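Here are my notes for a first look at this entry. Please read them with the structure open.

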Amino acid sequence: MSILISPPVFAAESVEPAQPPKRHRLRQVAGWVLGLWLLSGVYIVQTDQQAVVARWGRVVEPRVFPGIHYSLPWPIDKVYKLKVRELRRTVVGGQIPDVVLGRQANNSQFFSGDQNLLNIRVVAQYSVSNPRDFLFSTQNPDQVVGLAVESELVRRVAHTKVDDILTTQKLAIQNDILLSAQRDVDSYGAGALLSSINIESVSPPPETADAFRGVAGARSDAFRIVNEADGYANDLIPRARGEADQLLDQANSYANGKINHAQGDASHFEAVAAEYSKSPAVTSTRVYLEVMELVLPKMKKLIVDGNSNLDLSVIGRQDGGNEGTPQR
Amino acid sequence: MTRRTVLLTTAIVGLVLVSLSLYTVSETQFALITQFGRPVRTVTNAGLHGKWFFQRALRFDKRLRVYNPAPSEFLTRDKKNLVIENYVAWRIEDPGRFVQSVGDVPSAEMRLHDIIWSGLSAAIGNADLDSLVSTDQTKLESTSILDSITASSDRAALEQYGLGIEDVRIKRLNLPEQNKQNVFARMRAERGRIAMQYRAEGEEQALALRATADRQKEEILSAAYKESETIRGKGDAEATRIYGEAYAKNPQFYKLTRTLESYKKILDDKTTIVLNSDSDLLKILTRGQGGVK
């Protein structure tokens, strides 16, 4: 992280061949050495870097921005360069043993508020906000950031329900941890700025995975059942509406038919009646006879003398057992 | 020649003395100045400092550091076992006391462990599991427990060992391996119950949807029936009115035609009619011309 400007080595120059004008020569070499030594204080801070300069161990320039700069040469000044823009990453949870943070493998279990165990893996990203603090105030700023995130995660998970962690509260948890872990990092003076907390994976322990999948299955089953019922309703009601329309149509056509019929019959009657009243006797005889012509041919007829008595047994004989009702 | 040697010796001795009496302290350090082993003063600000050549400067790292021991098991007041992993953020605060009472970092960590863990197990033994792990935030006391432990152990550590305790934190809460199986069983049972609840709720919703649909269908159809019968009635009424109006104009003719009309329907081939030869229809047949009036 910090780059130490190493002292220039002039060992080779001090054993230059010493020729006749010895004193003059020596002074020249000493001049060169001094010049080079002074020059060695020039340093460059790259675009993505900031530097801190310490003189005799005491910080004199807490923040040097990119560009070419000069500091007193070694051993007076020491320049620490730091990539401040670089996003650093630390992982909490997960199955991989982590030597830096002293974690063992398989240490991703967290205890939720309703006393369920969950495997959680969180990735925190942060950058250097204060190079001086980052370099000098904690022994291992990366470790401090990781621990702050981890302890806040434990605390947050310990009062959240397992279902909320798995579903709706994920974002809220991330935001809460970002805020509270940043407070911790600030109180430790680690000079780091958390930029994101990301719950990369959260899953029930393998021992209970089946049961959790069962819940997911039940949820989709329930969803399917409801959808089917919805489909049933969506099929039934339009059909009923169609049937209702049909009923109304039939009623309307029935009523219209009745009325039209009545009107037709009425105008027919009125027309005929008008003619009838012109000569009622003739017309009634004509109408009567017309109907008789239509009706009588189908029937069995017995003509009897108006004055003689009728022997009804003839009817039975003629019908051959068929009963007929004498009319009129 | 001798003068030169003397000069050279003086220079060398002087240089050695100067280098012995100057020392630097970096931003990350404290320096403790000892005189023949006895601490005389502590230098806390960084930079170039001077001392007597017979004094020694001992340097100590004053940065915040983390003590991160293996998890340990605690018993809560309601007799639940918990495996808790803590970390302690601490630093050397008083180098004089530190060097006299502790000396080095590993033994400092041992002392910290002694101070803090006895406090921790007492505090956790006085708390229910609910106060550490609960969905009800008002019950949680873990933060205040840890804060009070931090404060009290900080006082003790500073007085006895010259150490400052910045923070005591829980970085992992878990159960002992042998208790986990119970929790897994409970989790599975809970999931089973939730799954059943989902299914039952789905069923309930589906039934309600179907019932509503059936009711709506019934409502639509019965309303349609009602309306259609009303329409039919109105049509019949209108037709009756029209007939009535028309026939009332000539009731006599209506009676004649309607009666004749019904004969067409009433009389069929199974009917036997007995006709009087004196009837209007047959008078002419039986009496010839005389039959006509």
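1. A term comes first. A crossing is right-handed if the near helix is turned clockwise from the far one by less than a right angle, and left-handed if anticlockwise. Please also keep in mind that this is a predicted model.

2. Start with a helix pair in chain A. Which hand does the crossing of α4(A) and α6(A) have? The crossing is right-handed. Helix α4 of chain A covers residues 141–157, and helix α6 of chain A covers residues 170–188. Their axes come within 9 Å and cross at roughly 135 degrees. Angles from 65 to 115 degrees count as roughly perpendicular and those over 145 as roughly antiparallel. α4(A) and α6(A) are therefore oblique to each other.

3. Now the residues of that contact. From α4(A) come Val144(A), Val145(A), Ala148(A), Val149(A), Glu152(A), Leu153(A) and Arg156(A). α6(A) supplies Ile173(A), Asp176(A), Ile177(A), Ser180(A), Ala181(A), Asp184(A), Val185(A) and Tyr188(A). By class, the contact of α4(A) with α6(A) holds ten nonpolar, one polar and four charged residues.

4. Turn to chain B. Helix α3 of chain B spans residues 105–125, and helix α4 of chain B spans residues 142–161. The two axes come within 10 Å and cross at roughly 145 degrees. The crossing of α3(B) and α4(B) is right-handed. Residues of α3(B) in the contact include Ala108(B), Leu112(B), Ile116(B) and Gly119(B). Among those of α4(B) are Ile145(B), Ile149(B), Ser152(B) and Tyr161(B). The contact of α3(B) with α4(B) has eleven nonpolar, three polar and one charged residues.

5. Chain B also has an open sheet. Three strands form it, in the order β3-β2-β5, with antiparallel pairing. Which strands stand at the edges? They are β3 (38–43) and β5 (55–61) of chain B. Each has a single partner strand, so one side of each is left without a neighbour in the sheet. From one strand to the next, the twist averages 30 degrees.

6. Look at one pairing in that sheet. Strand β2 of chain B, residues 29–35, runs antiparallel to β5(B), and seven bridges join them. Gln29(B) stands opposite Asp61(B) of β5(B).

7. Last, chain A as a whole. It has nine helices and eleven strands. Of the 328 residues in chain A, 27% are buried. Among contacts in chain A between residues at least 6 apart in sequence, 70% join residues at least 24 apart.

Terms used
Residues are numbered from 1 along each chain as its sequence is written. Chains are lettered from A and ligands numbered from 1 in the order in which they are written. This is a predicted model: local features need pLDDT of at least 70, side-chain atom pairs count only at pLDDT 80 or more; totals for chains, interfaces and linings use all residues. Axes are lines fitted to C-alpha atoms, for helices over the stretch in contact, and angles run from 0 to 180 degrees between N-to-C directions. Helices (H or I, at least four residues) and strands (E, at least two) are DSSP runs, numbered from the N terminus. Two residues are in contact if their C-beta atoms, placed from the backbone, lie within 7 Å. Ala, Val, Leu, Ile, Met, Phe, Trp, Tyr, Cys and Pro count as nonpolar, Asp, Glu, Lys and Arg as charged, and the others, Gly among them, as polar. Angles under 35 degrees count as roughly parallel, over 145 as roughly antiparallel, 65 to 115 as roughly perpendicular and the rest as oblique. Two strands pair if DSSP finds at least two bridges between them. A residue is buried if 20 or more other C-beta atoms lie within 10 Å of its own, exposed if 12 or fewer, and partly exposed in between; C-beta atoms are placed from the backbone.
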